[in-house]
Amino acid sequence: MIVMHGTKSLNLKKSIQIKINPCVECKCDTFIANAIQLYKHIYFIPIFPQEKIFYLTCIKCQVVLQLRNYKKHLPQYRFREFKTPTWLYIFPALLICFILYGIFC
Ligand SMILES: [Zn+2]
């Protein structure tokens with residue numbers, strides 16, 4: 001039996017303007033931040049969310065930087081604006097309910 005599983009990505013459809021370290025190309029300090037949420041799936045049904053990957057685009061020279069360890073680079077209050085959609089937590093919530101039902105009933 002073949003189980004189709006893997007990782008998919010979801011564009012969080014939000015972009016914010018942030019000021020951080022200067023761009024390596026043009027020394028401009030203003031970037032547009034976008035985020036992608038990765039999640040595991042089985043038969044294209046989302047199982048659980050994984051990490052977020054941030055992309056910073058320099059507003060002056062359009063250089064795109066990828067940030068995997070965003071907590072180091074983005075201010076804490078800014079990356080909270082990129083929320084993981086709640087529908088990605090439906091399967092883990094159902095799984096926990098099923099396990100608790102199995103334990104207590
Ligand atoms: Zn630049």
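1. In strand β2, Ile42 is the bridge partner of His5. The structure is a predicted model, in which local features need pLDDT of at least 70, side-chain atom pairs count only at pLDDT 80 or more, and totals for chains, interfaces and linings use all residues. Residues are numbered from 1 along each chain as its sequence is written.

2. Two strands are taken to pair if DSSP finds at least two bridges between them.

3. Strand β2 also pairs with strand β3 (residues 45-58); these two run antiparallel, with eleven bridges between them. Phe31 stands opposite Cys58 of β3. The hairpin of β2 and β3 has two residues between the strands, and Tyr43 takes a positive phi near 50° there.

4. Ala33 lies in strand β2. Ala33 counts as buried because it has 23 C-beta neighbours inside 10 Å; the criterion for buried is 20 or more other C-beta atoms within 10 Å of a residue's own, against 12 or fewer for exposed and partly exposed in between, with C-beta atoms placed from the backbone. Ala33 and Gln17 are 16 residues apart along the chain, and their C-alpha atoms are separated by 6.2 Å.

5. Helix α3 (residues 90-104) has 15 residues and reaches 21 Å from its first C-alpha to its last, close to the 21 Å expected at 1.5 Å a residue. That expected span is 1.5 Å times one less than the number of residues. Of the 15 residues of α3, zero are buried, so the helix lies largely in the open.

6. Along the sequence, the protein follows the pattern β-β-β-β-α-α-α. Its radius of gyration is 18 Å, well over the 13 Å that the globule rule gives for 105 residues, so the protein is more spread out than a compact globule. The radius is taken over C-alpha atoms, and the rule is 2.2 Å times the number of residues to the power 0.38. The C-alpha atoms fill a box of roughly 60 × 35 × 20 Å along the principal axes.

7. Buried residues make up 10% of the 105 residues in the protein. Of the contacts with a separation of 6 or more, 54% involve residues 24 or more positions apart; a contact requires C-beta atoms, placed from the backbone, to lie within 7 Å.

Key
Helix = DSSP H or I, 4+ residues; strand = E, 2+ residues; numbered from the N terminus. Contact = placed C-beta atoms within 7 Å.
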